[in-house]
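Please read it alongside the sequence and the model.

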Amino acid sequence: MTPDSGPASRRIDRAGLVIALALAALAAVLVWDASQLQSNTPYGMGPHAMPIVIAIGLGILAIGNLIDALRGNLPSRESADPKAVWLILAGLALLIAIIGVGGGFIPATSALFVTTSAAFGRRAILADSAIALVMTTLIYLAFDRLLTLSLPAGPLERLL
């Protein structure tokens with residue numbers, strides 16, 4: 001047996017530990033925030049239920065990530081390419097800006113969809129734009145007509 005083979009040679013993944021701690025911290029913030037919500041429902045679940053469910057999921061992910069990080073079982077990471085991160089951040093900024101100026105849900109979410117697909121390496125911007133417009137229109141109609149929940153409305157949404 002060589003000195004660098006076997007489970008004893010695996011090192012603790014420090015980045016994995018940081019990610020596990022970040023997930024646990026986010027779960028704790030969600031639980032704390034949910035505990036601050038006023039529940040006016042005399043029966044059943046109140047508005048604090050869903051953040052707690054999400055926090056439980058994040059806690060499970062944190063525990064699994066922590067175990068893999070301590071065992072050294074996390075996959076090796078590739079070198080960081082900041083282009084993908086910048087594209088997604090630009091998409092989020094577009095989403096906020098478009099909604100902020102009254103552009104509405106459909107174009108804002110479509111912009112985020114297109115920039116995210118470009119961040120994942122897809123280069124079919126026109127096709128992605130068409131897909132995004134169809135998907136976000138269907139999502140808007142589902143929320144607006146079927147669920148009667150309002151989403152940010154702009155000129156395009158007012159036509160529907």
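## Helix H4 and the glycine after it

Just after helix H4, Gly-121 takes a positive phi of about 100°. H4 itself covers residues 105-119 of this predicted model and has the highest mean pLDDT among the elements of the protein, 95, where pLDDT is the predictor's confidence in each residue, from 0 to 100. Helices here are DSSP runs (H or I, at least four residues), just as strands are runs of E of at least two, and both are numbered from the N terminus. H4 has 15 residues and reaches 21 Å from its first C-alpha to its last, close to the 21 Å expected at 1.5 Å a residue; the expected span is 1.5 Å times one less than the number of residues.

H4 is mostly covered, with 11 of its 15 residues buried. Buried means under 20% relative accessible area, exposed over 50%, and partly exposed in between (1.4 Å probe, protein chains only).

Asn-65, which lies in H2, counts as buried because its relative accessibility is 17%. Leaving aside residues up to four places away in sequence, Asn-65 touches Gly-16, Ile-19, Ala-20 and Leu-74. Arg-14, by contrast, is found in helix H1 and is exposed, with a relative accessible area of 63%. Although Arg-14 and Leu-70 are 56 residues apart in sequence, their C-alpha atoms are 8.5 Å apart in space.

## Salt bridges

How many salt bridges does a search of the whole structure find? The search finds 2, with a salt bridge taken as a side-chain nitrogen of Lys or Arg within 4 Å of a carboxyl oxygen of Asp or Glu. One of them joins Arg-122 to Asp-128, the closest N and O atoms being 2.4 Å apart. Arg-122 counts as partly exposed at 38% relative accessibility, whereas Asp-128 is buried, with a relative accessible area of 3%.

Asp-144 forms a salt bridge with Arg-145, and here the closest N and O atoms are 2.2 Å apart. Asp-144 is partly exposed, with a relative accessible area of 24%, and Arg-145 also counts as partly exposed, at 45% relative accessibility.

## A nonpolar surface patch

Ile-131, Met-135, Ile-139, Phe-143, Leu-146, Leu-147 and Leu-149 make a nonpolar surface patch of about 630 Å². Patches are made of residues with over 30% relative accessible area and no salt bridge, like charges being joined within 9 Å and nonpolar side chains (Val, Leu, Ile, Met, Phe, Trp, Tyr) within 5 Å. Within this group, Leu-146 lies in helix H5 (residues 125-146) and is exposed, with a relative accessible area of 70%.

## The chain as a whole

The protein has 6 helices and 0 strands, and buried residues make up 22% of its 160 residues. Of the contacts with a separation of 6 or more, 60% are between residues 24 or more positions apart. The accessible surface comes to about 11200 Å², of which 72% belongs to carbon and sulfur atoms; accessible areas come from the Shrake-Rupley method with a 1.4 Å probe, and for residues only the protein chains shown count as cover.

## Confidence and conventions

The mean pLDDT of the protein is 86, and 88% of its residues reach 70 or more. Among the elements, helix H6 (residues 155-159) has the lowest mean pLDDT, 89. Over residues 1-6 pLDDT stays under 50, and the model has 3 contacts for them beyond four places in sequence.

Residues are numbered from 1 along each chain as its sequence is written, and side-chain values use heavy atoms, with hydrogens and water left out. In this predicted model, local features need pLDDT of at least 70 and side-chain atom pairs count only at pLDDT 80 or more, while totals for chains, interfaces and linings use all residues.

How values were computed
Contact = heavy atoms within 4.5 Å.
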